[in-house]
Amino acid sequence: MSKVRTKDIIEKFQLELISGEEGISRPIITSDLSRPGLEMAGYFTYYPKERIQLLGRTELTFFAKLTPEEKKSRMEQLCTDVTPAIIVSREMEAPLELIEASEKSNVPVLRSPLKTTRLSSRLTNFLESKLAPTTAVHGVLVDIYGVGVLITGKSGVGKSETALELVKRGHRLIADDCVEIRQEDRDTLVGSAPELIRHLLEIRGLGIIDVMTLFGAGAVRSHKRISLVIDLELWDPNKQYDRLGLDEEKMKILDAELTKLTIPVRPGRNLAVIIEVAAMNFRLKRMGFNAAEQFTNKLADVIEDGDHEDF
């Protein structure tokens with residue numbers, strides 16, 4: 001099933017339906033739009049018929065200079081069985097030939113008061129958001145000092161309890177248990193909560209709590225770009241954990257790679273504070289300050305100076 005249909009953009013952008021009403025349930029499969037200038041001139045070899053077609057002042061002014069036979073032919077070729085819609089911008093009159101062709105092929109002809117460029121920009125943004133690749137991850141997403149932190153780990157390790165402590169410390173919850181992720185750009189992942197569990201936290205022994213009701217609207221947000229993944233795992237005494245922070249692990253979600261930190265869990269460790277500091281340290285690294293590298297460089301200098309003193 002397609003995520004977007006022609007009727008969705010009619011409602012979203014309050015477009016006027018001129019003709020082709022039977023086709024308003026057609027699927028829209030791409031966020032790319034087309035301004036059929038070459039097609040108006042008769043070149044249909046590479047016509048992207050699966051795209052929404054935008055007719056602006058330039059296209060319609062050229063179209064008006066064609067002969068009656070050319071007008072009819074061009075519009076019949078423009079209206080195909082997979083074209084989701086043809087939109088006329090600037091509230092201009094739709095050509096009679098277009099209306100007749102659209103009724104034959106059931107292609108919706110719509111009209112917008114917006115200028116073509118602005119309409120194109122708004123439509124593209126809307127469709128890219130709706131048609132972006134999506135996935136779902138088991139975990140908790142929290143906004144910590146402006147950094148979207150995805151907390152993962154096995155069931156029962158303490159993800160939700162840590163998120164509750166972070167909310168109490170003034171940070172904001174986006175999603176608990178299930179995080180819906182969409183890829184808006186090559187390296188941009190945006191997480192949100194499913195509608196059914198939005199603003200809810202499940203705490204074992206307490207049950208389900210509504211974070212917005214308990215802590216206020218400032219304790220939640222609807223979506224957030226994910227920048228950092230923190231994986232919680234039970235402490236393994238036989239495992240060597242990174243003590244300097246020089247090794248940077250990556251986690252791939254869809255086509256994007258995110259920085260991943262593994263934090264061992266055991267009694268006495270304040271996970272909320274550790275994750276809070278991890279988010280702040282991540283921000284510092286993005287600004288060019290890496291404490292681990294500076295320490296390593298200083299240590300190397302001390303060792304080098306000591307070697308010289310031996311001689």
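## Positive surface patch

Helix 6 (residues 116-131) contributes the most to a positive surface patch, with 3 residues. The patch is made up of Lys12, Arg57, Arg90, Lys115, Arg118, Arg122 and Lys130. Lys12 belongs to helix 1 (residues 6-13). Patch residues have over 30% relative accessible area and no salt bridge, and like charges are joined within 9 Å. Lys and Arg count as positive, with the charge placed at NZ of Lys or CZ of Arg. Helices are DSSP runs (H or I, at least four residues) and so are strands (E, at least two), numbered from the N terminus.

This is a predicted model, in which local features need pLDDT of at least 70, side-chain atom pairs count only at pLDDT 80 or more, and totals for chains, interfaces and linings use all residues. Residues are numbered from 1 along each chain as its sequence is written, and side-chain values use heavy atoms, leaving out hydrogens and water.

Buried means under 20% relative accessible area, exposed over 50%, and partly exposed in between (1.4 Å probe, protein chains only). The areas come from the Shrake-Rupley method.

## Salt bridges

A salt bridge is a side-chain nitrogen of Lys or Arg within 4 Å of a carboxyl oxygen of Asp or Glu. The count by this rule is 11. Arg172 pairs with Asp143, with the closest N and O atoms 3.3 Å apart. Arg172 lies in strand 9 (residues 172-175) and Asp143 in strand 7, so this pair ties together parts 29 residues apart in sequence. Arg172 is partly exposed at 32%, whereas Asp143 is buried at 5%. Shared partners join Asp143, Arg172 and Arg221 into one network.

Arg74 and Glu70 form another salt bridge (4.0 Å, N to O). Both are in helix 4 (residues 68-78), 4 residues apart, about one turn of the helix. Arg74 is buried at 12%, and Glu70 is partly exposed at 31%.

## Positive phi values

Most residues other than glycine have a negative phi. Asn106 has a positive phi, near 60°, and sits in the loop between helix 5 (96-105) and strand 5 (109-111). Leu254 also has a positive phi, near 55°, and is in the loop between strand 16 (249-253) and strand 17.

Definitions and conventions: Patches are made of residues with over 30% relative accessible area and no salt bridge: like charges are joined within 9 Å, nonpolar side chains (Val, Leu, Ile, Met, Phe, Trp, Tyr) within 5 Å. Accessible areas come from the Shrake-Rupley method with a 1.4 Å probe; for residues, only the protein chains shown count as cover.
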